[in-house]
Amino acid sequence: MAKATALAPSNIAFIKYWGKRDVRLNLPVNGSVSMNLSRLQTITTVEFGDDKKDRVVFDGRNVKSRFYKRVVSHLDRVRKLAGISLRARVATENTFPFGVGIASSASGFAALTLAAASAAGLSLSERELSVLGRRGSGSAARSIPDGYVEWVAGTQDADSYAYSFYPPEYWDICDVVVMVSKRQKAVGSTQGHALARTSPFFRARVRGLPAKLVRLKEALKEKDFSTFGAIVEAEALNMHGVMLTSSPALVYWEPATITVMQRVWLLREGGLESYVTLDAGPTVHVICQKLNARELSRKLSSVRGVVDVVVNRPVDGARIVKKHLF
Ligand code: DP6
């Protein structure tokens, strides 16, 4: 059978996915909105063959563990759709460290979905790929379409998918990703989702989301950066409010996370406009307009505790590439 390789970006959510209404199908409680990231990507090669077991190699090493099981379950979904039982050889590489709150599962499962579907000879629409990617990891649904993406919550498997509402070149905003730790986080987002409902604030959060989503899309339409940024920042702090008040409490921040946020607020007061957002990890995503990205990157690199800064612009979603990893 043919070998296929796919490249997929990670994405940063402006309106977050936190809490599932169906764990098996990865149906979210609410719709979410994101942008694909140009410099945080995963590349994955898949080939189906006669081996007895699936083999998964991540950054040159054989993967066993929980991650292996998740990949095999996803390959099973693809095999079922394609009506094949062949085992797969999978190699995957990230351009960024694993498990530090930059949604490695989003790019990882988006790349795996596209590469495996293509290697299995399936020809799926973008919507079908997004649905399939979602089954692997919810946020992966959003790394399939291009640029600025909305994931509609839906009510069942087939109608919970993501689509592009603006191409990457629509608006040149940047995500300056400020990493403060390269250690793997203790509680992954899959476990975290299950705790969302234990927060007394969860219901209030969910109630406010539809209106917030409308306001965010309106700000995007108007290219009103100040309104857009204020919504994005408040939304991230709202989600972390739920995390902090779950039982057990989920505290993803490190001391340097707060130091970076405070620096951003100080710079903003001084006229360098930017806003923070964070996923399930200590990494701070600083959202700004392109003209300010370089200066912010330079200023934030020197903040105590910062280990790496990567400037991202919006990009296309998952795509097939010619160069294989094996
Ligand atoms: C905080 O997509 O990683 O980054 O569906 O269990 O794989 P699973 O969870 P995942 O959750 C991402 C949560 C988030 C917010 C977001 O990206 O919307």
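The buried residues of H3 are Leu129, Ser130, Val131, Leu132, Gly133, Arg134, Arg135 and Gly136, where buried means under 20% relative accessible area with a 1.4 Å probe, protein chains only. This is a predicted model, so local features need pLDDT of at least 70, side-chain atom pairs count only at pLDDT 80 or more, and totals for chains, interfaces and linings use all residues. Numbering runs from 1 along each chain as its sequence is written, and side-chain values use heavy atoms, leaving out hydrogens and water.

**Exercise 1.** Work out how covered H3 is and what covers it.

*Step 1.* Take H3 as residues 126-136; helices are DSSP runs of H or I with at least four residues, strands are E runs of at least two, both numbered from the N terminus. Eight of its eleven residues are buried, so call it mostly covered.

*Step 2.* Look for the cover, using contact (heavy atoms within 4.5 Å). It includes strands E3 (27-28), E8 (148-151) and E9 (162-166), plus helices H1 (65-82) and H2 (104-119).

**Exercise 2.** Describe the shell around the ligand.

*Step 1.* You get 18, the closest being Tyr17, Ser137, Gly138, Ser139 and Ser189.

*Step 2.* See which element gives the most: helix H4 (189-195), with three residues.

Methods: Buried means under 20% relative accessible area, exposed over 50%, partly exposed in between (1.4 Å probe, protein chains only). A residue is near a molecule or strand if one of its heavy atoms lies within 4 Å of it.
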